[in-house]
Amino acid sequence: MGTSALPLGANRISDYGTKISYDPTWDGPLKVKRKAENVPFAIAYYLFVALWVGIAIYALVTGDAEKYSDFYRTSEDFVLKQGWILAVIVPLAAFWSILYLFLLRIAAKPVVYTSIAFLFIILFAHVIHQGYLLYCDHSYMHIGGFISGIAVFIFFVFLFVWKYKFIPMACEIVREASKRVSPIPILINQKSESILNFFLLFRVILAFPLMLFFSLVHSMLVAAFFIFNLSLFIWIESIASEDDYPSHLPFCHLVNALALVWIICHLHAFFVVCVSGAYGTWYWTMNKKEVPFFTTLRFIYITFRYHIGPTAFGSLIITVCTILNCLIEEVSPTSAIDGNVGLANAGLACCNTALYCIRVLVEAVTGMAYIRIGHHGTGLIHAGREAFTLFRRNYLKVAVINAIVIILAYFLIFTVFFGSVLLFWALLRLQSINVEQIIYLFVVLGICLFILIWSIVQLLSTAVDNIFMCVLEDFEMNGGTARPYHMSNKLKELVLENRLE
């Protein structure tokens, strides 16, 4: 029998590799036999972190702290004095963020379509703005901006027209993801008529704060590392004096700059693998009552023990792409601003654009690879190969899902951040505070909002990516067979309607 006569779903060879076949031994991420993979990259990462810590200690001990003590003391005193403003704004921002998740839970489709409409309005307004700039000044820069604006607008229109039938399925995936992130609407629908249901509700109530707490800790760690790393540049520079500039300081700056990118990328990879294991355990467990307590904590331990190598490897690849992209941007001549675009400038611009596209592709594939590592416990090469073939078979659907998540994330960021800024300004108008003090407090508020909003956004984004990849794998393994799907009935109807082809 030829491959064309096989039933829809698994065990079928496509143009982009063999689809995922059914594995009778697969029983969820917690039952996978794991081993340490990509060990050399884990060792290299630990050695690099040790080197960076040594440089940080050297800079803090040798640097001149007295140069900045007055600034820090003034900032700290003012923030502590005006802390009540933060105590008002941050809880309100948290309330709106969680309310936004509940809105996605009960009305995902209206929110998604409204966000898409706002996206098209913004893109069209950008094209009009670039056209007006081109009308006022016929420079090459404005010509490029106008053409690129039109190209982006046409691309999104084409993507929407071509894949509009997939959007309801994407909305259902977003709804399922928000249901995993925010459990209160589930609690409303549950009937607490027995002790068993009571314990089920308790498990759901317990799972949400644990996942959110882990996301908050991760965001706080990223923010603290980012601030410390930037301040470390100043401390390293303070080692030098007007008469003496040690020759090793450029090396210290280089290591600190590399640490800024690599460690942050690795923290993100670590978070995705941990959360993916927890979400995958929920999805692949038929009876949701059997999902263990503290699944997130168990996967934090599993990732620490087995998957530092793959996460270090993947984050190193993204770091290299980011550095190359930044270097080409740095060496690009600035004469294009004056309208003098030469062949060399055009070539560098093309290289920069190509590297940016490669970096976006690498980030997408490594992100899917992190999810597969969390689910199946493989090394980065194997997970990346499987993720890349899955990406090639579903690249437009991945683009649609990512675009919808980005739109929803920016909508949340826009509403929460600007609403908080307006409230911040209104509260400050009640007092007489100079501009310098406002800047201090605004920086602290920005850090708090970043930690809060990013915690919600990355949880939602990771949940959407996990459920989408689980749905793809579920369909390729069980489609066209008598085996039951693991997805919800509503999602199964939309999947079968779209055929995921």
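Helix α4 and helix α14 (residues 395-428) pack at about 85° in this predicted model. Their axes lie 9 Å apart. Angles of 65 to 115 degrees count as roughly perpendicular, so α4 and α14 are roughly perpendicular to each other. On the α4 side, the contact uses Val111, Val112, Ser115, Ile116, Phe118 and Leu119. Helix α14 contributes Ile404, Ile407, Leu408 and Phe411. By class, this contact holds nine nonpolar residues, one polar and no charged.

Now follow α4 to another partner. Helix α4 spans residues 108-136, and helix α5 spans residues 140-162. Their axes come within 8 Å and cross at roughly 160°. Angles over 145 degrees count as roughly antiparallel, which means α4 is roughly antiparallel to α5. The crossing is left-handed. Residues of α4 in this contact include Ile116, Leu119, Phe120, Leu123 and Phe124. Among those they meet in α5 as a group are Phe146, Ile150, Phe153, Phe156 and Phe160. Glycines take part too, including Gly131 in α4 and Gly145 and Gly149 in α5. The contact of α4 with α5 has 16 nonpolar, six polar and no charged residues.

A polar atom of the threonine 62 side chain lies 2.8 Å from the backbone oxygen of tyrosine 58.

Key. Residues numbered from 1 in each chain as written. Predicted model: local features only at pLDDT ≥ 70, side-chain atom pairs only at ≥ 80, totals over all residues. Heavy atoms only, no water. Axes fitted to C-alpha atoms, helices over the stretch in contact; angles between N-to-C directions. Helix = DSSP H or I, 4+ residues; strand = E, 2+ residues; numbered from the N terminus. Parallel < 35°, antiparallel > 145°, perpendicular 65-115°, else oblique. Left-handed = near helix turned anticlockwise from the far one by under 90°. Contact = heavy atoms within 4.5 Å. Nonpolar A, V, L, I, M, F, W, Y, C, P; charged D, E, K, R; others polar. Polar contact = N/O pair within 3.5 Å; in protein donor to acceptor, adjacent residues only side chain to side chain.
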